[in-house]
Amino acid sequence: MKAIMQRTLGGPDVLETVEVETPRPGSGEVLVRVAATSINAADWKLRSGAVTKLGPPPFTLGFDLSGVVTEIGDGVTEFRPGDQVFGNVLSRAGAYAEYVVAPTEFLAPKPQVLDHVQAAALPTAVLTAWQALREVRSGQRVLVHAAAGGVGHLAVQIAKARGAYVIGTARAANHEFLRELGADELIDYTTTDFTTAVDNVDIVFDLVGGDYTQRSLRVLTPNGRVIDAQGEEPLTDPRYHRLWFVPSGADLRAVSELIGAGNLKGEIDRVLSLAEAAEAHRLSESGRVRGKIVLTAWDD
């Protein structure tokens, strides 16, 4: 089968198409023919060596997937060959390929209202947003940093579906897009310091990191929380929470209910082929992507 592999750390040009043996599913796993995958910031951080979770190369990147089950391992009862699924392969990566093995507990049936491209854009981003904000209560004030990004635009919709008053930081060019998704108030971070524009926030969902995290503590209510999905140096303030998302087919099923009800949709910036993985990484690293970049299989 074809796969995108890198043999060394570096820029996007280290990504190359190779032929490798098709994997076989073990106990509790299924083999999925990948129809589409998507780019997450973790992909290019791993490629460059900024994050070392996968160890040294060679390895194949890719966490999100949507596709069709072609083979099941021992003990699998949830899925059968021919089932259309979507999900995440966080522990091993490898979705930049024609086939990938995934644990069944990381997968869910693909929502019927989505095609594979739309479904592949969601898993990592939507699970991060859902696990951060699923306990939001009606009437709470929620501030989402980087609200137009791959995770942020989903967080806006989830918080709104939970009944929150939603505030977002984003470039002015993205404000109308975010209003259409339900944002109640928007701050152009290129011209305005958010700490001077908003206060009495119950939850800040920080998708920027750096000094944004510390500054976000200033706008909280006394019992508020900063949920940080980016920071490398966790804070000791009791109102601070570092979020590490967990792959979960059960959570994807809950998200699918929002999708089916018309309360959640993913924004796709553009669709490229896996053959264009290097270009997709360059675009993602630019920081100017609205929503997600999706990669389809070579023959699609």
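Let me start just after helix 8, where Gly262 takes a positive phi of about 80°. Keep in mind that this is a predicted model.

Staying with helix 8, the next point is its length. The helix runs over residues 249-260, and at 1.5 Å a residue its twelve residues should span 16 Å. The end C-alpha atoms are 16 Å apart, which agrees. At the start of the helix, a side-chain oxygen of Ser248 comes to within 3.4 Å of the backbone nitrogen of Ala250.

Which residues of helix 8 are buried? They are Gly249, Asp251, Leu252, Val255, Ser256, Leu258 and Ile259. These cover an arc of only 155° around the axis, which puts them on the same side of helix 8. Ala250, Glu257 and Gly260, on the other side, are exposed. As for what covers the buried residues, the list includes strand 5 (84-88), strand 7 (107-109), helix 3 and helix 4 (152-161).

That brings me to helix 3, residues 123-133. Eleven of its eleven residues are buried, so the helix is largely enclosed by the rest of the structure. Among them are Thr124, Thr128 and Gln131, as well as Trp130.

Next, His116, which is found in helix 2, residues 116-120. Is His116 buried or exposed? The relative accessible area is 18%, and the cut-off for buried is under 20%, so His116 counts as buried. Its side chain has a polar contact of 2.8 Å with the side chain of Ser66 and another, of 3.1 Å, with that of Gln84. Leaving aside residues up to four places away in sequence, His116 touches Ala35, Ala36, Ser66, Gly67, Val68, Gln84 and Lys110.

Now the aromatic rings. How many aromatic pairs does the structure hold? There is one. The pair is Phe194 with Tyr212: the ring centres are 5.4 Å apart and the planes stand at 35°, so the pair is tilted. Phe194 lies in helix 6 (residues 194-197) and Tyr212 in helix 7 (residues 211-216), so the pair ties together parts that are 18 residues apart in sequence. Both Phe194 and Tyr212 are buried.

Tyr212 also has a charged neighbour: Arg215 lies over the face of its ring, at 5.1 Å from the ring centre. Elsewhere, Arg242 lies over the face of Trp244, at 3.8 Å from the ring centre.

Methods:
Residues numbered from 1 in each chain as written. Predicted model: local features only at pLDDT ≥ 70, side-chain atom pairs only at ≥ 80, totals over all residues. Heavy atoms only, no water. Phe/Tyr/Trp six-rings, centres within 6.5 Å; stacked < 30°, edge-to-face > 60°. Helix = DSSP H or I, 4+ residues; strand = E, 2+ residues; numbered from the N terminus. Buried < 20%, exposed > 50% of the residue type's maximum accessible area, 1.4 Å probe, protein only. Lys NZ or Arg CZ within 6 Å of the ring centre and 35° of its normal. Expected span 1.5 Å × (residues − 1). Arc of directions from axis to C-beta. Contact = heavy atoms within 4.5 Å. Polar contact = N/O pair within 3.5 Å; in protein donor to acceptor, adjacent residues only side chain to side chain.
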